[in-house]
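Here are my notes for someone opening this entry for the first time. Please read them with the structure in view.

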Amino acid sequence: EEQKRLLENRPDQPQNPKVLRIAIIGAPNAGKSTLSNQLLGRKVFPVSKKVHTTRCKAQGVITHKDTQLIILDTPGLTNPLKAKRHNLDEAMLTDPWDSMKHADLVLVLVDVSDHWTRNSLSKEVLKCLSQFPHIPSVLVLNKVDILKKKYLLLEIVADLTEGIVNGKKLEVKSAFKQDSSSSAKSPLQITQASPPESKVPGSPCGQEKNQAQEGSGLDKNSDVGGAGTGEFQGPKHCGPEDLKDVKGWPHFQEIFMLAALRGEEVDTLKRYLLMQAKPGPWEFHSDVLTSQSPQEICDNIIREKVLEYLPLEVPYGVTQVMEIWEEGECGELLIMQSLLVPRESHKRMLIGRGGKVISRIAREAGQDLMNAFLCDVRLKLKVEVKG
């Protein structure tokens with residue numbers, strides 16, 4: 001009821017409010033929800049190693065002093081064939097596009113630990129960027145802690161940006177490239193190409209830029225299309241044919257390298273986002289952390305655990321039904337949910353030998369719900385075969 005009241009009432013407004021709507025897009029399992037949770041400081045979006053954990057467009061809200069960041073955590077960009085295979089709703093295909101329409105800035109997240117996909121942006125991501133070329137975009141390389149050969153980050157950056165960041169050409173110095181001991185360097189030191197508006201004397205980004213470039217091995221040696229002089233018109237709209245042989249996007253304003261799961265360099269990105277906010281009214285009350293209802297958060301967290309502990313495609317066929325949601329005598333939250341599965345064999349898998357699997361899911365989901373709602377939670381799960 002409290003959450004509903006906060007979402008329905010008009011938000012409080014500081015004297016000079018600023019706001020920034022951020023769409024986070026990327027391939028399934030790039031770490032979008034993990035990054036969103038780290039930026040928010042609390043777990044409100046589901047996370048698992050399986051693809052398509054995020055099933056709908058959800059908003060996270062960060063309110064800092066006079067600035068509000070609205071994070072649009074979107075499902076991974078996928079195609080109709082894969083959507084059908086994973087039993088996904090139509091919304092899974094349209095939500096990322098809807099998020100882009102309302103965004104002031106887009107973060108493109110790439111998992112650098114996946115050597116199959118890390119050197120090119122997926123066709124779905126490129127299509128999304130080319131449909132909305134007027135929206136400023138930032139490249140975020142995630143899971144850099146898993147990458148043993150840190151010098152590969154330079155190749156990845158060159159490929160994903162086509163050698164251009166913020167309208168400036170980048171040059172990779174071979175000395176740095178061959179030096180494998182560079183793995184000790186902070187990932188973010190590899191590049192900082194600040195957009196023109198953040199090059200203000202005394203601004204944190206402006207000060208970091210020169211330090212970062214010194215140890216980076218990336219040179220910005222020429223302007224492209226008059227960027228930095230105010231003449232650069234930005235990217236043009238491209239059709240599907242234009243994207244056939246394209247691997248990267250040469251219109252990123254900035255590059256960040258981080259490890260979202262460990263929270264490394266997430267604060268640097270957060271500071272940058274706060275600096276990009278523009279004057280405008282807040283959309284949410286300052287006490288709101290997410291646009292989701294508590295029941296939606298609960299469903300998502302339980303589904304996350306089901307995805308984590310069931311093999312292959314099995315969890316995608318599980319339907320959740322909320323049976324009980326009420327407050328106990330001592331203020332604790334009492335929740336009972338039925339998990340409906342299509343086959344008897346799936347029921348046995350979900351319960352596990354001696355009830356081990358379902359007990360573990362209930363225990364871990366209950367703990368996450370306590371952390372999300374900041375109160376005691378008693379969670380019971382039942383498993384049944386669908387009608």
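1. Start with Ala365, which sits in helix 12. The model is a predicted one. Is Ala365 buried or exposed? Ala365 has a relative accessible area of 0%, so it counts as buried.

2. Look at what surrounds Ala365. Leaving aside residues up to four places away in sequence, Ala365 touches Ile301, Ile302, Lys305 and Leu379. Val377 lies 12 residues from Ala365 in sequence. The C-alpha atoms of Ala365 and Val377 are 9.6 Å apart in space.

3. Follow that contact to Leu379. Leu379 belongs to strand 13, which covers residues 377-385. Its relative accessible area is 14%, and Leu379 is therefore buried, as the cut-off is under 20%. Which residues does Leu379 touch, not counting those up to four places away in sequence? They are Ile302, Ile335, Ala362, Ala365, Gly366 and Leu369. Ile324 is 55 residues from Leu379 along the chain, with 9.6 Å between their C-alpha atoms.

4. Glu304 is buried, with a relative accessible area of 3%. What joins the side chains of Glu304 and Lys305? A polar contact does, at 2.9 Å.

5. Now go to the start of the chain. Gln3 is found in helix 1. Gln3 counts as buried, at 18% relative accessibility. Its side chain reaches the backbone oxygen of Thr290 at 2.7 Å. Beyond residues up to four places away in sequence, Gln3 touches Thr290, Ser291, Gln292 and Pro294.

6. How many residues line the largest pocket? The lining has 25, and Glu1, Glu2, Gln3, Pro294 and Phe373 lie nearest the centre. By class, 11 residues of the lining are nonpolar, six are polar and eight are charged.

7. Which elements build this lining? Helix 1 (2-8), helix 10 (294-309), strand 11 (319-327) and helix 12 (356-373) each supply at least two residues. Helix 1 gives the most, with four residues. Where does the largest pocket lie? It lies between domain 1 (1-174 + 243-279) and domain 2 (294-385), because both give residues to the lining.

8. Helix 2 deserves a separate look. It spans residues 32-40, and eight of its nine residues are buried, so helix 2 is largely enclosed by the rest of the structure. The buried residues are Lys32, Ser33, Thr34, Leu35, Ser36, Asn37, Leu39 and Leu40. Just after helix 2 comes Gly41, with a positive phi of about 85°.

9. Finish with the chain as a whole. Its secondary structure comes to 12 helices and 13 strands. Of its 387 residues, 48% count as buried. Take the contacts between residues at least 6 apart in sequence: 74% of them join residues at least 24 apart.

Technical notes:
Residues numbered from 1 in each chain as written. Predicted model: local features only at pLDDT ≥ 70, side-chain atom pairs only at ≥ 80, totals over all residues. Heavy atoms only, no water. 1 Å grid on protein atoms, 1.4 Å probe; cavity = no way out; pocket = protein on both sides within 12 Å on 5 of 7 lines; lining within 4 Å. Nonpolar A, V, L, I, M, F, W, Y, C, P; charged D, E, K, R; others polar. Domains from an automatic or database assignment. Buried < 20%, exposed > 50% of the residue type's maximum accessible area, 1.4 Å probe, protein only. Contact = heavy atoms within 4.5 Å. Polar contact = N/O pair within 3.5 Å; in protein donor to acceptor, adjacent residues only side chain to side chain.
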